[in-house]
Amino acid sequence: MVWPYLTPKVVTLPSGQDAEDSNTAEKILEVKTAHSEGQPYIVLTDQSIHLYDEPSNAAIASHKRSKTSIDKYGANVSFKRNHDDNLLVIQTDKDYLLIY
């Protein structure tokens, strides 16, 4: 028998600081957990990336790309992280790789 040890939680994406983008809903593309314990899980949207603490689901960091960046390099499509979780590579729809 399986017994849940946590109750379900709703986690909202941090809102952007830019007033002109406040009406634009972000589409969640991927959610990935860390390879190693203690590292954050990552939520990728078409415009931004968000890091959350796994035990508490608290937002740790958030980066929203500017309209200029999205126009020049394209919207986020997918991402990969390396084996020790210290490097993120985001692929865009214009075939650019953004490395964080």
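What you see is a predicted model. I'll start with the overall layout. Reading from the N terminus, the order is β-β-β-β-α-β-β-β. There are 100 residues, and 27% of them count as buried. The accessible surface is about 7100 Å², with 56% of that belonging to carbon and sulfur atoms. On contacts: taking those with a separation of 6 or more, 35% are between residues 24 or more positions apart.

Next, the core. The largest nonpolar core consists of seven residues, namely I42, L44, I49, F79, L88, I90 and L98. Two elements, β2 (41–45) and β6 (88–92), each give two or more residues to this core. Take F79 as one of its members. Beyond four places in sequence, F79 touches I42, L44, L88, V89 and I90, and also E30 and K32.

Now the glutamate, E26, which lies in the segment before β1 (28–32). How far from E26 is the nearest side chain of opposite charge? That side chain is K64, and the distance is 4.3 Å. A salt bridge needs a distance within 4 Å, so E26 is buried and has none.

What does the side chain of E26 make polar contacts with? One partner is the side chain of T45, at 2.5 Å. Another is the side chain of S48, at 2.4 Å.

Note on methods. Residues numbered from 1 in each chain as written. Predicted model: local features only at pLDDT ≥ 70, side-chain atom pairs only at ≥ 80, totals over all residues. Heavy atoms only, no water. Helix = DSSP H or I, 4+ residues; strand = E, 2+ residues; numbered from the N terminus. Buried < 20%, exposed > 50% of the residue type's maximum accessible area, 1.4 Å probe, protein only. Lys, Arg positive; Asp, Glu negative; His and termini not counted. Polar contact = N/O pair within 3.5 Å; in protein donor to acceptor, adjacent residues only side chain to side chain. Core = buried A, V, L, I, M, F, W, Y, C linked by side-chain atoms within 4.5 Å. Contact = heavy atoms within 4.5 Å. Areas by Shrake-Rupley, 256 points an atom, 1.4 Å probe, with all protein chains shown as cover.
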